[in-house]
Amino acid sequence: MQFTFLLMWLGNSLFFGYHLNDASWIRNGTIALMFLAGPSVWWLVRSQISGSRTMFHWIHMVPFPVAVAFSLGIPSTSFTTFLWVASVSRVAYGFVAGVELWRNRHALAQKNRLVWLAAFILMLVWSSLWSGVLYIMPGSAGDWIPIEATVALKAFGASAVTLALMWWAIIRPEIYLDIPVQDSEKELPVTDFDRDVFARLEAAFKGEGMHRQDTLSLASVADTLAVTPRELSNAVNRCSGQSFRAYLRSCRVADAKEFLADPARKDSSVFDIAMDAGFGTKSVFNDAFKAEVGMTPSEYRLVSLPEQKIKSTG
């Protein structure tokens, strides 16, 4: 989150700087950073869904140094093309992130995190579209909307809102970043009520397999246990030292490890294992599994069943 916030802040600072001083290096630096903004937002969504804090693959960073090198010798006639490619890149990453968020909306467990991420993606796409309106079609745009209004729409209608959303997440990490509650709450002693709620949760998860439902959420589990979401969240935090979502994910990964090491399931694909364990998509399962275990599901299966003929997972 801090990396993405810094990236967005730097990019928008250069954007404002360009309107105060139209130096080419400021203009080109702003555009080059756009090639990092898309991957960072996509990575933020993936990490929020899966719980993995592993940085995105290096291949997603390749366009940035290429853009920097290209910007050093970019002719003025190629500027609009350069910006168009950067804008399309951000919109494409925003679209992919949005699809990933929708497909795994139940995995977030809390509605406010889903709304926050959706708003964040929307602002990224909005900002990219207005970059095109502002720079790619400056003449035609000025015919139907003043350039000053276009700048304001991008700066205050997208950029400022994006930074505000990120700042809000940083100061409220227990809600938006899947980080356990504040120290003052963690220091509270575990009550008998907390132990009772957590014991019933463990019975529902490990005894009845409730955690394998891919649409499970904090609210639905709290309703099943006849407690409030806040009471359930506190009980999990105090008894396990994890957030509800992290605890849910660890239970699903534990099941997946058992399934992958089971000789009777050697012909089951990794995708089938992911679905049986309660994960909504294979990509999220891979991220979560590697974050918890330190290796991919396929690697774990090879280690656990070295002498078994395993069906290819494609």
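**Figure 1. Arg 200 pairs with Asp 196 in a salt bridge of this predicted model.** The closest N and O atoms of Arg 200 and Asp 196 are 3.2 Å apart; a salt bridge here is a side-chain nitrogen of Lys or Arg within 4 Å of a carboxyl oxygen of Asp or Glu. Arg 200 and Asp 196 sit 4 residues apart in helix H10, so about one helical turn separates them. (Helices are DSSP runs of H or I with at least four residues, strands are runs of E with at least two, and both are numbered from the N terminus.) Arg 200 is partly exposed at 30% relative accessible area, and Asp 196 is partly exposed at 39%. Buried means under 20% relative accessible area, exposed over 50%, and partly exposed in between, with a 1.4 Å probe and protein chains only.

**Figure 2. Asp 192 and Arg 195 form another salt bridge.** Their closest N and O atoms are 3.0 Å apart. Asp 192 is exposed at 61%, while Arg 195 is partly exposed at 45%.

**Figure 3. Ser 40 is buried in the model.** Ser 40 belongs to helix H2 (residues 24-50) and has a relative accessible area of 0%. A polar atom of its side chain lies 2.8 Å from the backbone oxygen of Ala 37.

**Figure 4. Val 45 belongs to the largest nonpolar core.** This core has 28 residues, and those touching the most other members are Val 45, Ile 121, Ala 256, Ile 273, Phe 279, Phe 285 and Phe 289. A nonpolar core is a set of buried Ala, Val, Leu, Ile, Met, Phe, Trp, Tyr and Cys residues joined through side-chain atoms within 4.5 Å. H2 gives the most to this core, with 6 residues. Beyond its neighbours within four places in sequence, Val 45 is in contact (heavy atoms within 4.5 Å) with Ala 97, Leu 101, Leu 117 and Ile 121.

**Notes for all views.** Residues are numbered from 1 along each chain as its sequence is written, and side-chain values use heavy atoms, leaving out hydrogens and water. In this predicted model, local features need pLDDT of at least 70 and side-chain atom pairs count only at pLDDT 80 or more, whereas totals for chains, interfaces and linings use all residues.

Technical notes:
Polar contact = N/O pair within 3.5 Å; in protein donor to acceptor, adjacent residues only side chain to side chain.
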